[in-house]
Amino acid sequence: MEDFILRALLGGIGVAIVTGPVGCFIVWRKMAYFGDSLAHTALLGVALGFAFGIDLRLGTLAACIGLALVLLLLQRQRKLPTDTLLGVLSHTALSVGIIAVSLMETLQVDLMGYLFGDILAISDTDLLWIYTGGAAALCALAWIWRDLIAITVHEELASAEGVPTFGVQLTFMLLIAFVIAIAMKLIGILLITSMLIIPPAAARRFSKTPEQMAVFAVLAGIISVAAGLWGSVEWNAPAGPCIVVAASVLFLLSHSWEMLSGRG
Amino acid sequence: MNDARRNLVTAANLYLRFGETTILHNVGLDISAGEILTLIGPNGAGKTTLVRVLLGLIKSDSGEVHRKEGLTVGYVPQIFAVDPSFPLTVRRLLSLTQKPSQKQMNESLKEVGAGNLLDYPVGTLSGGERQRVLLARALLRNPELLVLDEPIQNVDMTGQTELYDLITQIRDNRGCGVLMISHDLHLVMEFSDDMLILGIPQ
């Protein structure tokens, strides 16, 4: 196997291990649009990173946290529905990001690479980020797991029974921002939400408990990465979209099985 | 029934506004152990809000709430819809925020007449079964006060009487206080010891 493909495979597997369980909560808590908005903001973070000469992932993290805070502030006013607020913030951030990055032409920023990912150009530093950052993210998720499950089932009931709902939800929002920052380079900001949504959606059919669904989502993610990379090399097609299509095929297979076995 | 030692929750002179809307206007009540108190009133009268204030989930603008020290509460919320994407069994629902033993879970389900449901997915339960499971869940906390927000919603007519009978029976066996929200005056009259009627504040 070529060296760069092996690195891409390792990186993709590392990302799938983290996006599986985190993505399950995004599906359960109906936060797909929130994830999308954070991802769109990532490009602004890349521009910030270039402008201030800091690591692009830290720039991304800062921009995503900024967006989450602005969203919380606007939500408190209760004047507009959350999806409208997200629509405003998400597309503004994406547009400002594209403008900022294109103004930096001298830096030769690969816009397409950031939008759709460039998993074949993954470096050893990227791998290190994915595995240490991913391990940290999983530890944080394990720490809030029980409380977050209780909140997901019924927020008010959890609150009445002593779960610190605000702190746990804030931690989870930061966690999503962190995952996007470390996975952005591989799948791209326009496609990263698909790695959070599609593997859990494919795993639902086979799961009886939340933990099972998280594990199956990881497996579905790893299969998608491997199949997508293979397709990418075989047909010389862009890797990020190939991975997403592979995940979608898995999803459709799991769904048709559900319908054929008469449980749809 | 109303001597101070048996009082679980006492509230007086509660006022609460959300923006322009007055939700609670000079509300007060006492709940004692072994008593069933029902809050009735139309939608928007502030019944659920009052319960949240009594439980300490939100604060009133003024007035006093006094809960017995160390009061244990079993709460059955009004709206309980689990998203179909979330795989949840009854067993898991019972152990969300505490860790009851297998034996405790079985006994609790038996007490509410839902003994065989332990490994069922919550999404497949009927309205009545779901209310019983939520009741079993509240009982696992060994509550001195049971708080039930619209316990008979989505339950058919015979099921409603059965549920009220069950709640009365639980009160008799355990001697706990029950605070219930309802908008069905007819059944409530039969099963409550006391009622508090909330109107829409002007």
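This is a predicted model: local features need pLDDT of at least 70, side-chain atom pairs count only at pLDDT 80 or more; totals for chains, interfaces and linings use all residues.
Which helix of chain B holds both E107(B) and K103(B)? Both residues lie in helix α3 (residues 102–111) of chain B, 4 residues apart, about one turn of the helix.

The side chains of E107(B) and K103(B) meet in a salt bridge, with 3.6 Å from N to O. E107(B) is partly exposed at a relative accessible area of 46%, while K103(B) reaches 60% and counts as exposed.

## Salt bridges in chain A

Over all chains, the count comes to 17 salt bridges. One of them pairs D124(A) with R7(A), whose closest N and O atoms are 3.9 Å apart. This pair links distant parts of the chain: D124(A) sits in helix α6 (residues 124–153) and R7(A) in helix α1 (residues 3–28), 117 residues apart. D124(A) is exposed, at 54% relative accessibility, and R7(A) is partly exposed, at 22%.

There is also a network to find: D55(A), R57(A), D126(A) and K185(A) are joined by salt bridges that share partners.

## Where the chains meet

Now to the interface. Here 22 residues of chain B are in contact with 23 residues of chain A. The area buried between the two chains is about 2,100 Å², and carbon and sulfur atoms give 58% of it. On the chain B side, F86(B), P87(B) and R92(B) supply 31% of the area that this chain buries against chain A, more than any other three residues.

Between chain B and chain A there are 5 salt bridges. In one, R52(B) meets E156(A) at 2.6 Å, N to O. In another, K30(A) and D83(B) bring their closest N and O atoms to 2.4 Å. K30(A) lies in the loop between α1 and α2 (32–52) of chain A and D83(B) in the loop between β5 (73–76) and α2 (90–94) of chain B, so this pair joins two chains. K30(A) is exposed, with a relative accessible area of 64%.

## The nonpolar core

The largest nonpolar core has 145 residues, and V22(A), F172(A) and L50(B) have the most contacts inside it. Helix α8 (residues 165–187) of chain A gives the most to this core, with 13 residues. Leaving aside residues up to four places away in sequence, F172(A) touches V22(A), F25(A), I26(A), R29(A), M31(A), L141(A), I144(A) and L148(A).

## An exposed loop residue

K59(B) is found in the loop between α1 (47–55) and β4 (62–67) of chain B. This lysine is exposed, with a relative accessible area of 76%. The C-alpha atoms of K59(B) and Y75(B) are separated by 18 Å, with the two residues 16 apart along the chain.

Key: Residues are numbered from 1 along each chain as its sequence is written. Chains are lettered from A and ligands numbered from 1 in the order in which they are written. Side-chain values use heavy atoms; hydrogens and water are left out. A nonpolar core is a set of buried Ala, Val, Leu, Ile, Met, Phe, Trp, Tyr and Cys residues joined through side-chain atoms within 4.5 Å. Buried means under 20% relative accessible area, exposed over 50%, partly exposed in between (1.4 Å probe, protein chains only). Contact means heavy atoms within 4.5 Å. Buried area is the accessible area (1.4 Å probe) that two parts lose on being put together, summed over both. A salt bridge is a side-chain nitrogen of Lys or Arg within 4 Å of a carboxyl oxygen of Asp or Glu.
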